[in-house]
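Student: I would like to learn how to read the salt bridges in a model like this one. Could you take me through them step by step?

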Amino acid sequence: MTMMNVQLEGGTIFKPGETITGQVSWYLDKRPKAARVRLFWYTMGKGTEDSQVEDQQVFDKPMQQDNRSFKFKLPIAPYSFSGTLITLRWGVELDIKGVKEVCTKEFVLSPFDKEIVL
């Protein structure tokens, strides 16, 4: 059985330049060869979808059952927004080598304490 989790400390709305912290945990059928957590954004909607990894942390010697902390300094942009044609979202993603799925926790990056609606 595979179980993966991402938890953010301090809620799900962050300001540009703040530090986002949290923990990832997993329980797998066997010990993984590699595990990492990524800070990223992606767009969705009409037209070309885009994504970019802003930062990542690779965990040394991951165990079959493990719990690790992470910390990322958030960039000043791009802000989270939702529009008629395109939406930009931020997330922290746990990616474990050999596991097909990833575990993602989305959050809002905005100076206005909410997602920008276009």
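Student: Which residue forms a salt bridge with Arg36?

Tutor: The general idea is to look for a side-chain nitrogen of Lys or Arg within 4 Å of a carboxyl oxygen of Asp or Glu. In this predicted model, Arg36 pairs with Asp95, and their closest N and O atoms are 3.1 Å apart. The two partners come from distant parts of the chain, with Arg36 in strand β4 (residues 35–45) and Asp95 in strand β8 (residues 86–96), 59 residues apart.

Student: Is Asp95 buried or exposed?

Tutor: The cut-off for buried is under 20% relative accessible area, so Asp95, at 17%, counts as buried. Arg36, by contrast, has a relative accessible area of 28% and is partly exposed.

Student: Which side chain meets Arg38 in a salt bridge at 2.5 Å?

Tutor: That partner is Glu93, the 2.5 Å being taken from N to O. Because Arg38 lies in strand β4 and Glu93 in strand β8, this pair ties together parts that are 55 residues apart in sequence. Both Arg38 and Glu93 are buried.

Student: What is the N to O distance in the salt bridge between Asp95 and Arg38?

Tutor: For Asp95 and Arg38 the distance is 3.5 Å. Asp95 belongs to strand β8 and Arg38 to strand β4, so here the parts tied together are 57 residues apart in sequence. Through salt bridges that share partners, Arg36, Arg38, Glu93 and Asp95 are joined into one network.

Student: How many salt bridges does the count come to?

Tutor: By this rule, the count comes to 5 salt bridges.

Methods. Residues are numbered from 1 along each chain as its sequence is written. This is a predicted model: local features need pLDDT of at least 70, side-chain atom pairs count only at pLDDT 80 or more; totals for chains, interfaces and linings use all residues. Side-chain values use heavy atoms; hydrogens and water are left out. Helices (H or I, at least four residues) and strands (E, at least two) are DSSP runs, numbered from the N terminus. Buried means under 20% relative accessible area, exposed over 50%, partly exposed in between (1.4 Å probe, protein chains only).
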